[in-house]
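Take a look at the model below.

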Amino acid sequence: MASGSAGDLDALLRVTSPTYVGATHPDIAFGTIEVPVGRLTLAATYRGVVACSYEDENVVFERVSREIGSFIGPDPRRLDPVRRELDAYFSGRLRAFTVAVDLQLATSFARTVLQMMLAVPYGTVTTYREIAERIGRPRALRAVGNALGSNPVCVIVPCHRVVESEAVLGGYAGGATAKERLLRVESTARL
């Protein structure tokens with residue numbers, strides 16, 4: 001095997017084998033987790049969780065590599081805290097995530113909206129209109145909806161807490177069933 005081939009194999013193992021331990025840790029940790037609302041694809045930079053997505057892992061991998069680049073691969077020491085907090089959240093033992101969030105995959109406007117979502121308390125909901133008013137753009141309902149729909153850090157940045165109105169849930173990246181389940185988790189949790 002030529003030396004270039006060995007390097008190619010090593011690179012392939014870094015991004016495809018969850019148990020691979022190379023000489024260096026990746027710049028972006030990458031993996032998945034099964035949760036009660038489906039499979040989430042996770043990615044974390046040294047600054048925080050950059051993706052917690054319902055999208056297919058190949059789609060997330062391509063986006064992270066295209067928009068952030070860098071050395072991407074498994075790194076349990078960075079993803080295990082995220083997985084533990086997600087497990088605690090879904091079991092009703094965690095109300096606020098403490099893992100750092102890195103919103104560099106979001107646009108500037110979306111970052112403003114998503115940061116506002118971090119202030120929406122566990123177990124409560126708000127509306128697209130209320131978020132638009134809070135950010136000083138009361139007529140930007142559709143833009144707020146688009147920002148929430150493109151949230152790269154679902155569940156942790158709780159865009160599921162936004163509803164159209166008291167009677168209408170509105171959209172969600174993980175689908176209506178996932179949104180209903182997340183809101184139910186928060187309404188029945190006992191700490």
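In this predicted model, strand β1 (residues 28–35) and strand β4 run parallel, joined by 2 bridges. Find Ile 28 first. Opposite Ile 28 stands Ile 72 in β4.

Now widen the view to the sheet. Strands of a sheet pair through backbone hydrogen bonds, either parallel or antiparallel. Here the sheet is open and has 4 strands, in the order β3-β2-β1-β4. Its pairing is mixed. Which strands form the edges? They are β3 (49–53) and β4 (72–73), and each pairs on one side only.

Helices pack on this sheet. Helix α2 touches β1, β2 (38–44), β3 and β4. The direction of α2 makes about 155° with that of β1. Helix α3 (residues 76–90) touches β1, β2 and β3. The direction of α3 makes about 25° with that of β1.

Go back to α2 and check its two ends. At the start of α2 (residues 57–67), a side-chain oxygen of Asp 56 comes to within 2.9 Å of the backbone nitrogen of Asn 58. After α2 comes Gly 69, with a positive phi near 75°.

Next, turn to another pair of helices. The axes of α4 (residues 108–117) and α6 (residues 141–149) come within 9 Å. They cross at roughly 80°, so α4 is roughly perpendicular to α6. Which residues meet there? From α4 come Phe 109, Ala 110, Val 113, Leu 114 and Met 117. From α6 come Ala 143, Val 144, Ala 147 and Leu 148. By class, this contact has 9 nonpolar residues, no polar ones and no charged ones.

Note on methods. Residues numbered from 1 in each chain as written. Predicted model: local features only at pLDDT ≥ 70, side-chain atom pairs only at ≥ 80, totals over all residues. Heavy atoms only, no water. Axes fitted to C-alpha atoms, helices over the stretch in contact; angles between N-to-C directions. Parallel < 35°, antiparallel > 145°, perpendicular 65-115°, else oblique. Contact = heavy atoms within 4.5 Å. Nonpolar A, V, L, I, M, F, W, Y, C, P; charged D, E, K, R; others polar. Polar contact = N/O pair within 3.5 Å; in protein donor to acceptor, adjacent residues only side chain to side chain. Pairing = 2+ DSSP bridges.
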